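Here is a short tour for anyone who likes to look at packing and pockets. Have the viewer open as you read.

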Amino acid sequence: MSKVRSAVLTAPNTALGPGPEFDTIRSLVDRLGSRATGIGDDAAILRVPRGDVLVASVDALIERRHFERAWIEPREIGFRATSAAMSDLAAMGAWPLGTLVALGIPESWRGVLGEITDGIAEALVAADSFALGGNMSAASELSITTTVLGHTFRPMQRSGASAGDSLYVTGVLGGPTRAIAAWKRGEVPEQWHRERFARPCPRLAEARWLAAHGATSAIDISDGLVADLGHLAAANGLVAEIELDRVPVIDGATPADAVQGGEEYELIIAGPRELSVGEFESTFGLRLTRIGDLRAGPPEVRVTWRGSRVDVPGGFNHVTA
Ligand SMILES: [Mg+2]
């Protein structure tokens, strides 16, 4: 455990009393290993570094709404739920403190609860975060509701951008959309598309680097590049103008997949034109692409393709939405 972590976390786990429900919780806490901390009291106690603000967000992953059981493994479901929630902390430029997990478990999923928990633990390790507590109840469909808590001295607020800022996006887009489309056709998606859906990477360290290098505003892509840019444009009262030709598209996907598909968990960043893309890419081994600019004007997204304005409908999202 690093120095920063021991400064912000509080207590060891508290012993729980007897009973089958608590036996289940004990086994899940065991599976989380050193990633479970401060569990067992009525509530978790957190110490936020002096001068920082607490950043909080909640996200739900629900069977048949966001995924189908046949698509991904239980371990991947746990990983994905935790990582997707953590992505909102990345969008604020925050350090993760810990998570609270509320599980709705149908009888048919009880046998793989341990594997789901292993996936949660894996995502907590990847993000250097911890499970601080949770809740379990019976349910008719699997749901994993993850509350994430983080801290930062200066959050990257969505409304923090100015006219003249450039717009950047991390990674390459379109993978989750291709994977979902393949599954819906009853096909097996390409491995690299499937991976982008099953194992999203919250860009936490990347976002903190960008914040430290002048980024003014950020949003993570959950609903699709165009839809989420629409939120950023609205928050700042500005026009977001992007060139579709510049948008980084994953191998085997189309530009439309890349700008309309959700579930990416990459970041859109507003920041200075001089942002050092090369330094970012060599530090993180991840693409950072300047795709456009913010300009004065009525809040909307304008997309051009080879210099001409094109109409791109906003993002679609989720399996049955
Ligand atoms: Mg978000």
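This is a predicted model: local features need pLDDT of at least 70, side-chain atom pairs count only at pLDDT 80 or more; totals for chains, interfaces and linings use all residues.

## A buried threonine

Contact here means heavy atoms within 4.5 Å. Leaving aside neighbours within four places in sequence, Thr24 is in contact with Arg110, Leu113 and Met136. Thr24 counts as buried because its relative accessibility is 18%, and the cut-off for buried is under 20%.

In soluble globular proteins, nonpolar side chains tend to be buried together. In this model, the largest nonpolar core has 53 residues, and Phe67, Ile77, Leu103, Trp109, Phe197, Leu210 and Ile269 have the most contacts inside it. Helix H3 (residues 74-91) gives the most to this core, with 7 residues. Apart from it lies another core, of 25 residues, including Ala161, Leu238, Ala258 and Val303.

Phe197 is worth a click: beyond four places in sequence, its contacts include His66, Phe67, Trp71, Arg80 and Trp183.

The volume of the largest pocket is about 490 Å³. Its lining has 25 residues, with Ile25, Ile39, Gly133, Gly134 and Asn135 nearest the centre. H2, strand S2 (95-105), helix H4 (113-127) and strand S3 (131-138) each give two or more residues to that lining, which divides into 16 nonpolar, 6 polar and 3 charged.

The second largest pocket holds about 420 Å³ of space. Of its 27 lining residues, Ser57, Asp59, Asp88, Asp220 and Ser222 are the closest to its centre. The lining of this second largest pocket divides into 13 nonpolar, 6 polar and 8 charged residues.

Definitions and conventions. Residues are numbered from 1 along each chain as its sequence is written. Side-chain values use heavy atoms; hydrogens and water are left out. A nonpolar core is a set of buried Ala, Val, Leu, Ile, Met, Phe, Trp, Tyr and Cys residues joined through side-chain atoms within 4.5 Å. Buried means under 20% relative accessible area, exposed over 50%, partly exposed in between (1.4 Å probe, protein chains only). Helices (H or I, at least four residues) and strands (E, at least two) are DSSP runs, numbered from the N terminus. On a 1 Å grid over the protein atoms alone, a cavity is a set of points where a 1.4 Å probe fits but cannot get out, and a pocket is an open set with protein on both sides within 12 Å along at least five of seven lines; lining residues have an atom within 4 Å of a point. Grid points are joined across faces, edges and corners, and a volume is the space filled by probe spheres set on the points. Ala, Val, Leu, Ile, Met, Phe, Trp, Tyr, Cys and Pro count as nonpolar, Asp, Glu, Lys and Arg as charged, and the others, Gly among them, as polar.
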